[in-house]
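Let us take a friendly walk along the place where two chains come together. Have the sequence and the 3D view ready as you read.

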Amino acid sequence: MKQLRKILLVEDNPNDVELTMTALSRSKLANDVVVARDGVEALDYLFRRAAYAGREPENPVVVFLDVKMPKMDGMEVLRQMKEDSELKLIPVVMLTSSREEVDLMRSYQLGANAYVVKPVGFQQFLESVGQLGIFWAILNVPPPVTQP
Amino acid sequence: MPRTYKLLNRKILAGITLALTPLFVIGFLLLRNVLRQQATVSWVTHTHEVLNQIDQLTDALSDAENGRRGYVISGQERYLNHHRIGRARALEAIRKLRGMVLDNSRQIHSCADLARLMVPRLELFDESIAHRQAHGLDVAAQTRFMEQGQFAMEPIRKVTGEMAERERNLLSTREAALAHEAEQTPRFTVVAAVISLGMIVWVYMILAKENRRRREAEIALQSANHQLEQKVTNRTMELQNLVTAHKQAEREIKVLNIQLEKRVHDRTIQLEVSNKELEAFSYSVSHDLRAPLRHIDGFVSLLREETNGQLSATSKRYLEVIASSARQMGELIDDLLVFSRMGRAEVQRGRVDMNALVTEVVKDVLTPGEERQIEWDIASLPEVSGDRSMLKQVWVNLLSNAVKYTRHRPVARIQVRAESSNEEWIFAVVDNGSGFDMKYVGKLFGVFQRLHSVEEFEGTGIGLANVKRVVTRHGGRTWAEGKLGEGASFFFTLPINNEAES
């Protein structure tokens with residue numbers, strides 16, 4: 001049986017991290033969630049660099065990517081991911097507060113797979129995240145695992 | 001002017017003619033005088049010739065007589081020749097005399113008489129000579145002849161005397177006439193000269209007057225010319241000044257234009273910067289303001305789950321208030337962001353089919369799950385020029401309002417129609433909902449202005465403000481009419497030929 005691949009959550013705000021994790025667990029996803037606190041960490045994980053040099057070979061099944069983050073923002077992470085032949089296969093869902101057209105446009109232009117706006121209302125938030133999780137982690141067929 | 005000119009010409013002509021006439025007259029008279037004098041001279045000569053001729057005749061007769069006598073006495077041939085010569089001369093003389101006196105009838109008569117009278121005398125001569133030749137010297141016969149001869153000579157002498165006298169009279173008459181004329185001539189001449197002079201003076205005066213007039217006219221003309229030139233010079237200077245001033249103004253305008261353009265440029269840059277700042281602001285608001293709200297709501301929910309059962313009703317209520325406040329703030333932020341975007345975004349003009357748009361919006365605006373009985377009455381709407389997404393926002397706001405505020409009616413009736421005036425389309429959304437008090441009509445389109453509480457009807461009060469903003473940016477107007485409990489009508493206009501702001 002194939003090991004369940006991880007979900008990479010890239011989010012700088014700890015509160016948002018907590019809420020999202022709660023929502024994900026409520027939706028009864030079995031996948032492990034890796035949390036990166038900013039863009040640099042996210043790329044380190046994805047590129048198996050620095051602290052994550054020895055991470056498991058399989059890439060995450062989906063990346064939930066916040067846009068506004070310190071140091072390196074979500075767009076930059078997305079861009080670098082899509083430039084890498086291996087990483088660009090990983091589905092990316094922009095999960096962010098902003099409905100600004102500029103963010104939308106840029107995200108899709110860079111090749112994001114989905115764009116979800118985090119609602120203020122928690123119930124809605126639970127629902128959205130739950131649906132996301134179920135879709136990307138279970139329903140969606142991820143790209144095949146590439147051997148390192 | 002031409003008339004006086006002709007008159008003047010005639011006058012001058014008349015004057016000159018009159019001036020010359022006496023001269024001609026004088027000339028004529030003088031000429032006549034000279035001719036007459038010449039005539040008289042020839043008459044004098046003539047008279048002398050006549051007299052001479054008469055004398056010659058008398059002499060010739062005398063010579064003839066003497067010759068005869070001499071011959072008679074001496075019988076010498078010599079004297080006979082004398083006589084013959086004399087006789088011939090006498091005949092010659094009378095012939096000539098006849099030719100000379102042809103001008104005067106009396107003289108002609110006298111001459112004829114004379115010729116007639118001479119005949120017997122000559123006959124007597126011949127008789128005497130013939131007798132002498134025949135008979136020699138016969139004193140008695142000859143004395144008889146001589147007496148007869150004397151006798152014959154008397155009338156001859158008388159006639160010649162008359163003729164001479166007459167001739168002399170004629171001469172003196174002519175001479176007197178000439179003298180008389182000679183007397184008259186100077187008088188005539190003087191008079192004529194005076195008249196002529198008078199005419200000349202008159203003509204001169206006319207000319208002088210004319211000259212004076214001309215002079216005056218010339219002076220007046222010169223003066224007028226001078227004035228005119230003066231005026232022209234002045235006018236030219238004025239014009240030059242004007243042109244200079246004009247050019248100056250042009251230059252100033254150019255400078256001002258450049259300055260203006262620069263200012264516009266600067267202002268545009270300022271506005272662009274300002275816009276960018278607003279964008280950044282919106283962006284920031286989007287991300288940074290929403291997150292804490294989300295946290296509030298999220299953790300309040302989690303708290304409620306954590307403390308489920310442990311909290312009193314009041315506590316639960318307090319938590320609910322906190323949560324709903326956070327949600328409300330989220331809505332406000334969303335609405336503000338939309339409102340701001342409506343103001344900042346560029347109006348993308350295109351042809352917008354309002355009917356299609358309204359149909360689309362009607363589908364969207366119905367809350368899913370909500371059972372409603374709504375009668376839609378959508379008239380034929382025109383195609384307009386405008387920004388489709390912005391106009392969609394307008395319809396969304398107006399129609400969702402209509403749907404919302406007719407919630408309490410068993411059957412909601414919502415009417416959408418359009419009509420045109422000269423230069424604009426007037427759209428109307430009429431509902432039979434709860435209406436509003438016209439007292440507050442001024443507040444309707446204000447930002448976050450509401451006429452109902454959130455419990456009655458949800459909403460932040462930004463919808464109509466958005467509508468107004470979009471419509472204004474398209475160059476139109478908004479207004480509303482309503483009656484409490486009976487429904488409301490919302491109107492907006494869009495200009496037909498769209499040269500509203502771009």
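## Where chains A and B meet

In this predicted model, R294(B) and D16(A) join their side chains in a salt bridge, 3.0 Å from N to O; the term stands for a side-chain nitrogen of Lys or Arg within 4 Å of a carboxyl oxygen of Asp or Glu. Another salt bridge, at 2.0 Å from N to O, links E305(B) with R26(A). That pair crosses between chains, running from helix α4 of chain B to helix α1 of chain A.

| Salt bridge | Distance, N to O |
|---|---|
| R294(B) and D16(A) | 3.0 Å |
| E305(B) and R26(A) | 2.0 Å |

Residues are numbered from 1 along each chain as its sequence is written, and chains are lettered from A and ligands numbered from 1 in the order in which they are written. Because the model is predicted, local features need pLDDT of at least 70 and side-chain atom pairs count only at pLDDT 80 or more, whereas totals for chains, interfaces and linings use all residues; side-chain values use heavy atoms, with hydrogens and water left out.

How many residues of each chain are in contact (heavy atoms within 4.5 Å)? Chain A contributes 23 residues and chain B 21. The area buried between them is about 1,900 Å², with 56% given by carbon and sulfur atoms; buried area is the accessible area (1.4 Å probe) that two parts lose on being put together, summed over both. K68(A), E100(A) and V120(A) supply 34% of what chain A buries against chain B, more than any other three residues.

There are also 8 residue pairs in polar contact between the two chains, both residues being at pLDDT 80 or more. Such a contact is a pair of N or O atoms within 3.5 Å; within protein, one must be able to donate a hydrogen and the other to accept it, and residues adjacent in sequence count only if both atoms are side-chain atoms.

Which elements give two or more residues to chain A's side? They are α1 (14-26), α4 (101-110) and α5 (122-139) of chain A, and α1(A) gives the most, with 6 residues. Helices here are DSSP runs (H or I, at least four residues), numbered from the N terminus.

Conventions:
Contact means heavy atoms within 4.5 Å.
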